[in-house]
Amino acid sequence: IAGTTVDAIDSTFERDGRFYTITDTAGLRKRSKRDDDIEILASFKSIDAIARSQIVLLMVDVQEGPSEQDAKILREVTDNHKVVILVANKVDEAEEKKLPRFREKFKQQVKDVFHFYEDIPVVYTSAHTGFGMKALFEKIDQLWEKVNIRISTGELNRFFTKVIRLA
């Protein structure tokens with residue numbers, strides 16, 4: 001329910017033998033729209049949670065599409081050099097309403113609003129039905145592997161030597 005999360009709440013759980021910690025945060029509203037000190041504090045806690053994270057799941061209602069405020073959040077994520085997955089939620093509602101080509105419309109909105117991040121990974125989900133959770137965790141695991149790859153100094157030197165020779 002929008003507006004009910006104030007603090008950043010961490011929850012650790014196991015799935016398929018792997019452990020995950022997910023942090024639920026308050027949404028970040030425009031500074032001019034923040035009503036009180038509690039909402040301002042919540043925004044600081046959300047920004048701190050981004051800084052502590054390794055992978056950020058930016059959840060957006062698939063029917064509404066990303067907003068300019070979502071773009072600001074994404075900039076905060078990228079400024080902190082974090083990996084992000086755009087979670088397009090409420091697919092079940094869009095399908096129930098028989099919204100024509102909602103995925104194509106959503107993709108175009110993502111392209112327009114997140115023009116500075118051309119290849120943001122998107123996973124379609126329904127928190128209500130559980131649709132897309134397998135795909136979401138597969139994407140999380142895939143990105144985790146990529147972000148934690150270790151390249152030895154020798155491998156890196158050989159790579160740059162080859163690149164320099166080709167130039």
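Visitor: Is His81 buried or exposed?

Guide: This is a predicted model. A residue counts as exposed when its relative accessible area is over 50%. His81 has a relative accessible area of 72% and is therefore exposed.

Visitor: Where is the place of His81, and what is its phi?

Guide: His81 sits in the loop between H2 and E4, just after H2. Its phi is positive, at about 55°, although the residue is not a glycine.

Visitor: Which loop holds Arg101, and what is the phi of that residue?

Guide: The loop between helix H3 (91–96) and helix H4 (102–113) contains Arg101. Phi of Arg101 is near 50°, a positive value in a residue other than glycine. With a relative accessibility of 64%, Arg101 counts as exposed.

Visitor: Let us turn to the sheet. What is the order of its strands?

Guide: Two strands are taken to pair if at least two bridges are found between them. Here three strands form an open sheet in the order E3-E4-E5, and the pairing is parallel. Strand E3 (55–61) and strand E5 (122–124) stand at the edges; each has a single partner strand, so one side of each lacks a neighbour in the sheet. On average, neighbouring strands of this sheet are turned by 25° against each other, direction ignored.

Visitor: How many bridges link E3 and strand E4, and which residue stands opposite Val60?

Guide: E3 and strand E4 (residues 83–89) are paired in the parallel sense over seven bridges. Opposite Val60 stands Ala88 in E4.

Visitor: Which helix packs on the sheet and touches E3, E4 and E5?

Guide: That is helix H5 (residues 133–147), whose direction makes about 170° with that of E4. Helix H2 (residues 68–79), for its part, lies across E3 and E4 and runs at about 175° to E3.

Visitor: How does one judge the length of H2, and what does H2 reach from its first C-alpha to its last?

Guide: One compares the span with that expected at 1.5 Å a residue. H2 has 12 residues and reaches 16 Å, close to the expected 16 Å.

Visitor: Which residues in H2 are buried?

Guide: The cut-off for a buried residue is under 20% relative accessible area. In H2, the buried residues are Gln69, Asp70, Ala71, Ile73, Leu74 and Val77.

Conventions
Residues numbered from 1 in each chain as written. Predicted model: local features only at pLDDT ≥ 70, side-chain atom pairs only at ≥ 80, totals over all residues. Heavy atoms only, no water. Helix = DSSP H or I, 4+ residues; strand = E, 2+ residues; numbered from the N terminus. Axes fitted to C-alpha atoms, helices over the stretch in contact; angles between N-to-C directions. Contact = heavy atoms within 4.5 Å. Expected span 1.5 Å × (residues − 1). Buried < 20%, exposed > 50% of the residue type's maximum accessible area, 1.4 Å probe, protein only.
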